[in-house]
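User: Can you walk me through the charged side chains in this one? I'd like salt bridges and surface charge.

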Amino acid sequence: MHSFDSFFEPPFERIAEDLAHRGYSIIDCALPDDMTLQLSQRLLHLIRQDDESLQVAGIGRGDQHAQNRFVRQDKIRWLEQDNSAEKAWLEYMSELRVYLNRRLFLGLFSYESHFAHYRPGAFYKTHLDAFRGQANRILSTVLYLNKHWQTKDGGELVMYNDDQLIATVLPAYGRLVVFLSEEFPHEVNPTQRNRYSIAGWFRVNTSNNDKVDPPR
Ligand code: OGA
Ligand code: MN
């Protein structure tokens with residue numbers, strides 16, 4: 001059972017095929033139009049409502065914010081179930097998770113995601129999303145919420161594999177990127193405009209007797 005109306009076919013099979021063949025997928029109009037609109041309005045609302053609702057992002061676990069500014073300059077806010085737009089997104093991604101587990105046997109256990117806002121001039125230097133030695137982030141996702149993005153606006157997602165450039169992606173409205181977290185170093189070029197997105201990660205369960213992970 002899914003929550004979409006009968007006009008919208010979620011692109012889950014294409015994502016599965018792309019992941020199986022090359023490890024990443026780039027899909028335009030990935031969500032029903034109204035879902036994309038609600039999410040973009042929700043993010044703009046959060047930003048306008050209160051400057052504190054998005055926080056300076058960290059790197060890794062246990063942060064030194066002064067150093068972070070050389071690496072990433074976005075502001076973020078984690079999505080929760082208590083807002084209808086955020087809930088719809090988390091449910092969509094949960095359906096994708098179940099689909100990919102059936103199709104590719106990935107054993108994805110949970111999904112976490114945050115809104116991100118890059119102000120003009122902000123960037124995110126080349127990094128991997130999977131924490132080294134923890135191997136719990138399996139798939140990365142980014143949904144973009146920027147109408148009329150042009151090449152001159154910068155802010156591209158640039159993906160590499162073995163130091164080879166493999167994709168330069170404009171953060172265009174409704175575009176979803178999904179990729180294997182441990183395979184693709186990537187960066188966000190300095191943006192010339194306000195840049196809005198939702199980044200997220202599917203994890204496997206790495207719980208043991210000492211700790212419960214994921215913590216959220
Ligand atoms: C991230 C990230 C890419 C993007 O948040 O880890 O790499 O295009 N984002 O926003
Ligand atoms: Mn990343």
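Analyst: Start with Asp162, which counts as exposed because its relative accessibility is 70%; buried means under 20% relative accessible area, exposed over 50%, and partly exposed in between (1.4 Å probe, protein chains only). This is a predicted model, in which local features need pLDDT of at least 70, side-chain atom pairs count only at pLDDT 80 or more, and totals for chains, interfaces and linings use all residues. Residues are numbered from 1 along each chain as its sequence is written, chains are lettered from A and ligands numbered from 1 in the order in which they are written, and side-chain values use heavy atoms, with hydrogens and water left out.

User: Where is Asp162?

Analyst: Asp162 sits in the loop between strand S7 (157-161) and strand S8 (164-169). Helices (H or I, at least four residues) and strands (E, at least two) are DSSP runs, numbered from the N terminus.

User: Which residues form the negative surface patch?

Analyst: Asp162, Asp163, Glu182 and Glu183 form it. Patch residues have over 30% relative accessible area and no salt bridge, with like charges joined within 9 Å and nonpolar side chains (Val, Leu, Ile, Met, Phe, Trp, Tyr) within 5 Å.

User: Switching to salt bridges, how many are there?

Analyst: The whole structure has twelve salt bridges, each a side-chain nitrogen of Lys or Arg within 4 Å of a carboxyl oxygen of Asp or Glu.

User: What does Arg175 pair with?

Analyst: Arg175 bridges to Asp28, with 2.6 Å between the closest N and O atoms. The pair links distant parts of the chain, 147 residues apart: Arg175 is in the loop between S8 and strand S9 (176-180), and Asp28 in the loop between strand S1 (24-27) and helix H2 (33-49).

User: Is Arg175 buried or exposed, and why?

Analyst: Arg175 is buried because its relative accessible area is 18%. Asp28, at 44%, is partly exposed.

User: What about Lys87?

Analyst: Lys87 forms a salt bridge with Glu91, the closest N and O atoms being 3.1 Å apart. Both lie in helix H4 (residues 84-104), four residues apart, about one turn of the helix. Lys87 is partly exposed at 36% relative accessible area, and Glu91 is partly exposed at 32%.

User: And Glu112, what is its partner?

Analyst: Arg137, with the closest N and O atoms 3.3 Å apart. This pair links distant parts of the chain, with Glu112 in strand S4 (residues 110-118) and Arg137 in strand S6 (residues 137-144), 25 residues apart. Glu112 and Arg137 are both buried.

User: Which residues are joined into one network?

Analyst: Glu13, Glu17 and Arg103 are joined by salt bridges that share partners.

Conventions
Accessible areas come from the Shrake-Rupley method with a 1.4 Å probe; for residues, only the protein chains shown count as cover. Lys and Arg count as positive and Asp and Glu as negative; His and the chain ends are not counted. The place of a charge is taken as NZ of Lys, CZ of Arg, CG of Asp or CD of Glu.
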